[in-house]
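Welcome! Have a look at the structure below, and then let us walk through it together, one part at a time.

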Amino acid sequence: MESPVEIVQHTAGGVIGVSWLMIALPLLGAAILLILGRVTNRWGHLLGVAMSLASFVVAVLAFFELIGLPEAQRRQAVHLWEFIPGMVDMGLLIDPLSISFALLITGVGSLIHIYSIGYMAHDSDRRRFFAYLNLFVAAMLLLVLADNYVGLFIGWEGVGLASYLLIGFWQFKPSAAVAAKKAFVVNRVGDFGLLVGMFIIWTSFGTFAFADLGAQVGTASQGTVTAIGLLLLLGACGKSAQLPLQSWLLDAMEGPTPVSALIHAATMVTAGVYLVVRSGAFFFEPGSPQALAVAIVGAATLLAGAIIGCAKDDIKKGLAGSTMSQIGYMMLGAGLGPAGYAFAIGHLITHGFFKADMFLGAGSVMHGMNDEVDMRKYGGLRKYMPLTFATFMVGYLAIIGFPLLSGYFTKDGIIETAVHEQPVLGWLAVLGAGITGFYMSRMVFMTFFGEKRWAEDAHPHESPKVMTIPLIVLSIGSVFLGGYLILSNRLMVFLGPATGRPSDANLPEFHFASTPGLTTLALVAVGAGFAWMRYGKATVPVVAPRGSFLTTFARRDLYGDALNESLFMRPGQWLTRIAVFFDNRGIDGVVNGLAAGIGGTSGRLRRIQTGFARTYALSILIGAALLTGALLLVGNI
Amino acid sequence: MTAHYLVLSGLLFAIGALGVLIRRNAIVVFMCVELMLNACNLAFVTFARQHGNLEGQIIAFFVMVVAAAEVVVGLAIIVTIFRTRRSASVDDANLLKY
């Protein structure tokens with residue numbers, strides 16, 4: 001096992017020296033679009049695309065500069081400024097891990113920017129949409145490029161904000177506004193974990209920088225490290241929609257489809273995987289309880305997401321369930337230590353391509369079908385949208401792990417490593433792959449095959465080129481990227497300096513005919529065949545049948561919302577009711593009672609003022625007599 | 001020797017005070033107030049004589065000046081009240097109350 005190399009301070013100039021441009025450019029774009037406002041309506045979307053593309057160019061140049069360096073120097077820390085004196089030096093860390101993410105974010109991000117030009121063409125608020133997209137790209141890049149946890153956290157919150165703004169982009173729809181709020185609130189729970197984890201990191205090690213943590217992590221007790229690991233895992237669960245904080249992702253589909261593709265499939269939701277892999281060298285030692293927890297969360301979520309995906313009729317929610325499930329695979333891989341990191345990141349990258357491809361394909365279908373999302377009202381669309389159909393099929397084959405496509409290599413890598421390291425979780429992942437085969441086939445058959453079940457006013461048509469070209473580029477990545485990254489362990493060797501890797505002699509070999517791999521393929525075939533029987537050959541009812549208990553279970557997101565409601569929301573409401581009661585009756589009672597008491601007493605006291613001058617004269621006389629008497633008693637006269 | 005004067009002064013004051021408290025006619029009440037002031041004057045002068053100095057006599061002059069001023073204002077008020085209410089009873093002028 002080779003450990004990560006030392007982080008070296010970047011000295012010479014070059015593109016790495018100005019890698020902050022990657023973040024600054026989209027941020028500038030967002031600022032211009034938001035500050036100048038309506039003035040930029042005509043060309044705002046073009047500026048957004050240009051900024052994203054420029055950021056991509058910087059990322060590519062930085063990537064080539066990085067691979068030009070010898071392996072021992074491939075972790076370059078670029079100091080920017082002293083953020084909190086004596087506490088946090090803001091800087092960027094350009095290493096194979098962060099640059100992989102930067103390429104994915106800016107690359108897929110740019111394609112989705114381009115696609116959005118067409119998708120949002122009829123929206124009067126397109127400029128604001130691009131401003132938020134640019135803001136998201138900037139925040140996400142800060143998240144992955146920062147060389148310390150504070151920078152990471154700022155980016156983390158930034159993407160949360162962008163996600164909130166974009167889910168609620170059509171805030172005139174109450175469902176979108178509620179979904180945005182839900183995403184924000186659930187993410188707060190995760191952020192709480194991340195924050196407390198950072199607090200413990202600071203008190204235990206006195207530093208937030210990745211460069212210093214490596215040397216110091218040995219000084220803390222095992223319990224501290226486990227606590228930090230579990231808290232960071234909570235943060236990762238929130239951002240990556242893993243159990244038990246998964247409930248926001250399905251509702252997040254209320255946002256425009258490009259947002260679902262970019263933020264809630266390709267990039268932001270993978271931030272949790274990034275956090276685990278980035279902290280892997282410090283807080284997730286292979287075999288430790290917290291690493292096992294990561295793997296278990298991943299395995300549980302991959303099954304939960306797959307089951308949810310089976311029952312959804314809303315095409316975007318089906319894809320969202322699938323996203324949960326695939327991120328579950330990544331988490332499982334990330335919980336297996338350096339052996340799994342490369343496959344997790346590899347799956348993350350290829351998933352970024354094929355899931356963005358399918359989400360944008362779904363968007364293209366919706367675009368042609370008057371924004372209809374119910375798959376029961378699709379059917380037979382392959383003839384009417386040939387390009388969308390072809391690219392969606394590529395994404396579909398990639399995600400179910402059709403041999404030699406991207407998903408096959410990366411998912412199989414995770415499954416094989418898991419079967420080797422944690423057999424139980426590994427075979428659960430195999431089962432999950434079979435379910436994936438079912439629900440994705442169901443989606444394809446319901447949408448593109450079978451007879452037409454359209455609404456009367458639907459006139460499906462192929463989308464404009466500005467939308468289909470990104471689809472084609474993404475599907476090319478969905479075909480070839482996985483094989484390129486995994487075969488001959490290219491990604492594993494490349495990531496080695498950042499994450500550690502097995503030594504050259506122990507590098508895993510890709511087996512095309514291993515037992516888990518063949519079982520996976522067989523299960524996927526069974527799943528797809530079953531889907532063909534139910535949704536391809538048989539007629540799909542336009543109105544969803546009632547379904548068995550299990551169907552309802554899956555349709556209701558495994559009762560996740562019901563659980564949250566009964567466990568947190570209702571007790572919370574009771575708590576507030578008790579507080580309100582206490583406030584009204586307790587605190588208000590004391591205050592009002594005091595006021596009423598004083599008021600009543602003075603009401604009685606004022607009766608003394610009779611208005612008769614003689615009464616006053618008498619009281620003066622009595623007073624004077626009393627005073628005189630008192631003075632006499634004291635004897636001062 | 002001066003004790004008789006003081007007794008007289010006390011009697012006058014008591015009569016005045018009693019008059020203020022029990023009479024309703026504003027003019028009579030007013031006269032009783034004057035009676036009390038003059039009872040005080042008598043006491044002042046008596047003490048001045050007893051101690052053989054002039055302070056008490058000077059104070060008596062001051063009291064007379066104040067009493068004169070008071071009569072001017074007080075009678076004017078009583079006349080005005082009588083004009084508006086056709087009554088000089090102090091119990092009828094009882095609007096300023098709770």
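This is a predicted model: local features need pLDDT of at least 70, side-chain atom pairs count only at pLDDT 80 or more; totals for chains, interfaces and linings use all residues.

The buried residues of H22(A) are A:Pro516, A:Gly517, A:Thr520, A:Leu521, A:Leu523, A:Val524, A:Gly527, A:Ala528, A:Ala531 and A:Tyr535. In general, an α-helix has 3.6 residues a turn, so residues three or four places apart point the same way.

What do the buried residues of H22(A) pack against? Their neighbours are three helices of chain A: H17 (386–400), H18 (406–421) and H19 (423–448).

The length of H22(A) can be checked too. The helix has 23 residues, 515–537, and at 1.5 Å a residue these should span 33 Å; the end C-alpha atoms are 31 Å apart, so the two values agree.

Now step back to the whole chain. Chain A holds 25 helices and three strands. Among its 637 residues, 52% count as buried. Of the contacts in chain A with a separation of 6 or more, 81% are between residues 24 or more positions apart. Along the principal axes, the C-alpha atoms fill a box of roughly 120 × 65 × 55 Å.

The domain assignment gives chain A a domain 1 (285–555) and a domain 2 (566–634). Taken over C-alpha atoms, the centres of these two domains are separated by 73 Å.

In which order do the strands of the open sheet of chain A come? The order is E1-E2-E3, and the pairing is mixed. Strands E1 (8–9) and E3 (88–94) of chain A stand at the edges with a single partner strand each, so one side of each has no neighbour in the sheet.

Here is how the strands pair up:

| Strands | Sense | Bridges |
|---|---|---|
| E1(A) and E2(A) | parallel | two bridges |
| E2(A) and E3(A) | antiparallel | seven bridges |

Some bridge partners can be found by name. A:Gln9 has A:Ala77 in E2(A) as its partner.

Finally, look at the turn between E2(A) and E3(A). These strands form a hairpin with three residues between them, and A:Gly86 in that turn has a positive phi of about 75°.

Methods:
Residues are numbered from 1 along each chain as its sequence is written. Chains are lettered from A and ligands numbered from 1 in the order in which they are written. Helices (H or I, at least four residues) and strands (E, at least two) are DSSP runs, numbered from the N terminus. The expected span of a helix is 1.5 Å times one less than its number of residues. A residue is buried if 20 or more other C-beta atoms lie within 10 Å of its own, exposed if 12 or fewer, and partly exposed in between; C-beta atoms are placed from the backbone. Two residues are in contact if their C-beta atoms, placed from the backbone, lie within 7 Å. Domain bounds come from an automatic or database domain assignment. Two strands pair if DSSP finds at least two bridges between them.
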